[in-house]
Amino acid sequence: MISPRYHREVAQRYRLEAGKCKQCGNISFPPRLVCPKCKSKTFETVQLSREGKILTFTIIRVGPDKFSKETPYVVAIIELFEGRSSNDGVRLTAQITDCDVNKVEIGSKVKLVFRKIQDEGKSGLHCYGYKAVLI
Amino acid sequence: MLSETNSPKANRSAGTEVAVVGVGMTKFGELWKKSLRDIFVEASLKAIENSGVDHIDSMYVGAMSGGLFVGQEHIGAVMADYLGVAPIPATRVESACASGGAVFRQAYLEVASGQSEIVLAGGVEKMTDGADVTDALATAADQEYEVYNGITFPGLYAMIARAHMHQYKTTREQLAHVAVKNHKNGSMNPNAQFRSPVTLEQVMKATMVADPLRLLDCSPVSDGGAAVIVCSVDYAKKLKRPYVKVVASAQASDTIALHSRESLTALKCVSVAAEKAYKQAGLKPSDINFAEVHDCFTIAEIVVTEDLGFFEKGKGGAAAENGSTAIGGKIPINTSGGLKSKGHPVGATGVAQIIELYEQLTGNSGERQVKNAKYGLAQNMGGSGASCVIHILEAV
């Protein structure tokens with residue numbers, strides 16, 4: 001992870017900032033320049049809710065080098081509860097942490113937490129972001 | 001404002017009828033003694049010789065990531081140079097694991113448009129030179145919002161598998177049946193990387209990679225090259241060699257991140273491209289006699305055979321289990337052994353699928369021959385389903 005590249009995503013990784021379309025209300029995470037639903041180009045910044053449920057998941061047993069010391073670990077697709085009936089709920093990919101990997105199920109309720117995700121090489125930045133814990 | 005509707009004339013059948021007139025490939029596997037360029041040139045020379053053409057007007061090269069695998073980009077020029085065909089136009093085409101299908105489509109379009117008469121469509125990948133293959137392949141997913149958080153490609157397909165098992169009661173055994181069937185087919189293919197059959201028990205007990213996918217659910221890391229000669233049907237007739245007609249070429253895209261898709265159990269890029277392809281060819285799924293599909297993981301074959309319309313949604317697992325997809329079944333799938341057993345040198349895969357269609361439709365598939373095949377379909381997919389290219393070929 002090269003530092004400027006990491007820095008550009010900080011608002012999303014640290015604060016869960018998303019783009020809400022001013023025309024149709026669809027929330028894009030990360031923010032986009034064009035709304036995928038209505039193609040409008042005007043957005044306001046909103047913060048995602050931190051609670052949601054697991055739609056699907058896997059337990060990574062053979063990990064990439066950066067994560068190989070952490071196996072086995074769970075990665076899931078999570079749908080956040082945005083409390084907006086017009087919205088399907090924003091979805092994102094995150095690790096499920098601080099858990100027995102065998103206790104994770106589809107439908108499990110989770111909460112996003114702030115965690116270190118990876119390191120930039122052997123002597124670079126610590127890179128942070130969101131993981132989820134079971135609630 | 002951008003609209004999602006196509007122009008009225010988009011996706012129509014092209015003007016000039018297009019044929020595949022010659023094919024060539026290297027064996028797929030760990031080709032320690034051969035370089036990226038040697039692999040490509042070997043496959044291309046075989047295709048040129050096989051077709052009987054005395055020149056080519058232009059060429060396309062499919063390669064997912066020469067840069068990451070061997071540190072070489074500008075691959076169109078490298079290959080034209082070493083094939084000895086410079087100064088013809090030579091362009092590298094990339095759509096991750098669908099690069100080969102995209103290459104064939106570009107060659108098809110160039111011939112169909114009348115811009116060229118004879119075009120070489122080739123694909124190549126050299127994956128065993130020591131690069132971090134997991135990292136390189138992961139560049140086909142969303143680097144910032146998927147890979148950053150620790151997901152791998154087996155992990156992405158494992159999440160599709162778990163969702164499919166949850167929604168449709170697809171079983172772990174049904175996934176394993178895909179691997180067993182494809183290894184059996186691959187055992188009859190002299191160019192396959194793995195020519196050894198595997199048992200259901202071996203698949204079920206293989207090392208877990210990303211739950212619920214095990215090692216034998218995954219396509220391997222491979223070196224290999226494949227090339228075909230694409231020309232007008234009129235020109236093909238003059239060559240007096242076996243040829244097949246391209247009756248549909250379609251492509252579609254979807255969100256790069258799996259989590260952004262409308263469904264986690266269906267691949268929209270496949271159903272959209274398939275609908276266009278069937279329309280172009282004037283065919284229904286039931287008209288197709290056999291298909292090569294993108295079984296990068298066993299679950300992919302199950303989902304794709306559903307989204308191509310061969311089986312009802314949710315019944316792909318049962319079809320793999322009850323023999324519908326075996327040679328001699330309702331619709332044989334991956335008679336070549338598929339990516340699973342034949343191997344998956346990423347950029348070459350889509351072109352190698354076309355080669356299997358050509359061999360089957362010209363009656364050259366030996367003991368894995370599908371009897372009386374008139375229409376074959378090739379489905380090549382990029383990433384976790386962010387891109388898909390589909391072709392339908394017809395025997396003449």
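A: **Helix against helix**

Let's go with H4 of chain B. In H4(B), the residues B:Ser99, B:Gly100, B:Gly101, B:Ala102, B:Val103 and B:Phe104 come up against B:Val346, B:Gly347, B:Ala348, B:Thr349, B:Gly350, B:Val351, B:Ala352 and B:Ile354 in H14(B). (Contact means that the C-beta atoms of two residues, placed from the backbone, lie within 7 Å; helices (H or I, at least four residues) and strands (E, at least two) are DSSP runs, numbered from the N terminus.) The residues of this contact split into 8 nonpolar, 6 polar and no charged. (Ala, Val, Leu, Ile, Met, Phe, Trp, Tyr, Cys and Pro count as nonpolar, Asp, Glu, Lys and Arg as charged, and the others, Gly among them, as polar.)

Keep in mind that this is a predicted model, where local features need pLDDT of at least 70 and side-chain atom pairs count only at pLDDT 80 or more, while totals for chains, interfaces and linings use all residues. Residues are numbered from 1 along each chain as its sequence is written, and chains are lettered from A and ligands numbered from 1 in the order in which they are written.

Chain B has an open sheet of 9 strands with mixed pairing, in the order E3-E2-E4-E7-E1-E8-E11-E10-E9. (Two strands pair if DSSP finds at least two bridges between them.) E3 (90-93) and E9 (290-292) of chain B are the edge strands, each with a single partner strand, so one side of each has no neighbour in the sheet. From one strand to the next, the twist averages 25°. Inside the sheet, E2 (residues 58-62) of chain B runs parallel to E4(B), and 5 bridges join them. B:Met59, for instance, has B:Leu120 in E4(B) as its bridge partner.

Our helix, H4(B), packs on this sheet and touches E1, E2, E3, E4, E7, E8 (244-253), E10 (375-382) and E11 (387-395) of chain B, and its direction makes about 170° with that of E4(B). Another helix, H10 (residues 268-281) of chain B, lies across E8, E10 and E11 of chain B and runs at about 145° to E8(B).

Zoom out, and the domains come into view. Chain B is assigned domain 1 (18-132 + 222-239) and domain 2 (150-218 + 247-395), with bounds from an automatic or database domain assignment. The C-alpha centres of these two domains of chain B are 23 Å apart. Domain 1 of chain B puts 34 residues into the contact and domain 2 of chain B puts in 31 residues. On the domain 1 side, the elements giving two or more residues are E1 (18-25), H4, E4 (118-126) and E7 (223-232) of chain B. The largest share of that side, 8 residues, comes from H4(B). As a whole, the domain 1 side divides into 19 nonpolar, 11 polar and 4 charged residues.

Key: Axes are lines fitted to C-alpha atoms, for helices over the stretch in contact, and angles run from 0 to 180 degrees between N-to-C directions.
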